[in-house]
Amino acid sequence: MKTSIQIENKLISKPSRLGFKYHIKTFGCQMNEHDSEKIAGIFNNDGMSKSDDIDSADILFVNTCTIRENADDKLYGTLGHLKKWKDQSPDRRIIVGGCAAQKDKELVRDRAPWVDVVIGTHNTNDVINLLNQSEDWGPITQIIEESKDIESEILPVRESGFSAFVTIQIGCNNSCTFCIVPSVRGIEISRRPSDIINEIKNLSNEGIKEITLLGQNVNSYGRDLMIDNKRSPYFTQLLYKIHEIDGIERIRFTSPHPKDFKKETLVAVSELPKIANQIHIPVQSGSDKILSSMHRGYNQKKYLSKIDMIKNIIPDVSLSSDVIVGFPGEDDQDFKETMKVVNYAEFDLIYMFKFSPRPGTVAADYNNQFVEKQVIDSRFMTLKEKQIEISDIRYKRFVGTTQKMLVEKPSKKDKNILTGRIEGGHIVHLESNQDIIGNLVDVNIHDSSPFFLKATL
Ligand code: SF4
């Protein structure tokens with residue numbers, strides 16, 4: 001087994017890579033997308049420039065994920081293909097980072113020895129030093145188990161000029177048995193409110209109109225900080241402070257945990273016009289038995305009481321959720337309980353996952369309770385069909401109304417269609433040949449489907 005090598009930053013002095021090009025492949029969630037923006041900032045700071053075309057790039061960063069189905073197989077399959085890319089030029093370098101690198105450590109280079117640097121989730125700021133070290137002494141793995149500092153002096157390079165992710169917290173203190181996040185991202189660490197506010201003010205000055213606050217468990221934000229002489233969640237207060245920032249017109253957040261939802265946060269969402277009336281509230285299962293086995297910290301009754309509270313305080317709310325179908329031990333009755341929640345909550349959207357064991361998670365060891373694939377497939381289809389029915393009804397409520405849409409980009413299929421989102425997060429296809437990308441405009445919704453809305457100006 002190879003060992004990690006740690007070398008003080010001050011020992012490294014290499015010229016910058018002015019003129020080099022880098023390409024980043026990102027797998028997984030919004031947190032990973034934003035991490036890739038930070039890595040782009042570090043590379044730019046070293047003199048490199050971004051290339052959307054991998055074949056023009058000298059440096060490739062693969063930002064990995066362990067959450068999605070068959071993530072491990074996909075990663076090692078991808079690294080296999082990348083060997084050919086690297087062999088085409090002796091100057092090409094491959095760096096693997098993100099959650100899979102943090103989880104697999106030296107295993108990444110054991111399975112893909114052509115990888116130059118394996119770097120964990122807690123030390124991405126060291127990526128240039130590690131790249132330099134690998135050029136001097138050969139491939140290197142450096143994984144540390146805890147974040148040293150959530151702040152970076154280097155600004156991320158954001159993909160959009162009008163919409164931005166802002167990290168408010170990293171890590172998670174929960175222990176959901178299906179999830180690898182606590183072991184690869186560590187315990188919750190909140191950024192100082194003043195750092196967050198300053199970042200958002202700067203974004204506003206740069207023309208950003210919409211921000212999405214990111215954290216694994218945003219509504220427990222601030223529990224680890226001493227603010228106003230106490231240690232308690234500070235998320236609601238943070239929302240009020242961010243709302244005061246001029247120029248920011250829409251504020252979203254993801255993901256909150258159902259057990260940590262407070263009434264005061266919902267009141268803030270309803271009172272503050274810039275906070276989108278969209279709540280993502282991941283249920284995962286409707287069965288008390290399965291929720292307990294997942295270590296989710298709530299039962300069906302408590303979850304539904306949160307749904308009632310949300311709808312009472314924000315009557316026009318758009319709800320979305322995550323559901324895992326076929327968690328170990330799930331029987332027909334457990335699945336019926338999930339369907340009961342889905343019917344009751346009337347989510348606008350559900351992100352559905354078929355359970356598959358993630359190595360390193362507790363649930364991966366529940367192998368004597370795994371549910372048969374055909375049963376999972378059939379339940380998944382039942383859930384999908386029901387949700388399409390519900391989404392169809394939910395999306396129809398917008399037809400004949402005027403909504404504010406942030407116009408994001410042209411449609412890939414039709415240059416006369418622009419796509420974007422309304423406040424509730426619903427995708428809109430807007431008929432327009434005007435260049436209004438990046439603007440928040442009033443649009444008239446004239447048609448709907450279970451997946452998107454159609455609008456004109
Ligand atoms: S709350 Fe649960 S699912 Fe979410 S990141 Fe933490 S452990 Fe994972």
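Predicted model: local features only at pLDDT ≥ 70, side-chain atom pairs only at ≥ 80, totals over all residues.
1. Two strands pair if DSSP finds at least two bridges between them. In strand β4, G98 is the bridge partner of T64. Strands β3 and β4 (residues 93-98) are joined by six bridges and run parallel.

2. The sheet as a whole is open and has six strands, in the order β2-β1-β3-β4-β5-β6, with parallel pairing. Its edges are β2 (49-50) and β6 (140-142), each of which pairs on one side only. One of the residues involved is T26, whose bridge partner in β3 is N63.

3. Is strand β3 enclosed or open to the outside? Six of the six residues in β3 (residues 59-64) are buried, so the strand is largely enclosed by the rest of the structure. A residue counts as buried when 20 or more other C-beta atoms lie within 10 Å of its own. In a regular strand, side chains alternate between the two faces of the sheet. For β3, one side carries I59, F61 and N63 and the other carries L60, V62 and T64; all of these are buried, and both faces are covered.

4. The largest nonpolar core has 90 residues, and the members that touch the most other members are I95 and V166. Helix α1 (residues 30-45) gives the most to this core, with five residues.

5. Leaving out residues up to four places away in sequence, I95 touches I59, L60, F61, D116, V117, I119, V127 and L131. Another core lies apart from the largest one; it has 13 residues, including Y395, M405, V428 and L430.

6. The protein is divided into three parts: domain 1 (3-142), domain 2 (163-396) and domain 3 (402-456). Between the C-alpha centres of domain 2 and domain 3 the distance is 25 Å. Their contact takes 15 residues from domain 2 and ten residues from domain 3. On the domain 2 side, helix α13 (residues 373-396) supplies the largest share, five residues. That side has seven charged, five polar and three nonpolar residues.

7. Which residues surround the ligand? They are C172, N174, C176, C179, V181, P182, Q216, N217 and H257. By class, this shell has five nonpolar residues, four polar ones and no charged ones.

8. Most residues other than glycine have a negative phi, and most peptide bonds are trans. The bond between T254 and S255 is a cis peptide bond, with omega about -5°. S255 is placed in the loop between β11 (250-254) and α9 (263-271).

9. Q284 is found in the loop between β12 (278-280) and α10 (288-294), while H295 belongs to the loop between α10 and α11 (300-313). How do their surroundings read? Q284 is buried because 24 other C-beta atoms lie within 10 Å. H295 has 14 C-beta neighbours inside 10 Å, so it counts as partly exposed.

10. The last point concerns D87, in helix α2 (residues 71-87). Is D87 buried or exposed? With 10 other C-beta atoms within 10 Å, D87 is exposed; the cut-off for this class is 12 or fewer. D87 and W114 are separated by 27 residues in sequence, and their C-alpha atoms are 9.0 Å apart in space.

Terms used: Residues numbered from 1 in each chain as written. Near = placed C-beta within 6 Å. Nonpolar A, V, L, I, M, F, W, Y, C, P; charged D, E, K, R; others polar. Core = buried A, V, L, I, M, F, W, Y, C linked by C-beta atoms within 7 Å. Helix = DSSP H or I, 4+ residues; strand = E, 2+ residues; numbered from the N terminus. Contact = placed C-beta atoms within 7 Å. Domains from an automatic or database assignment.
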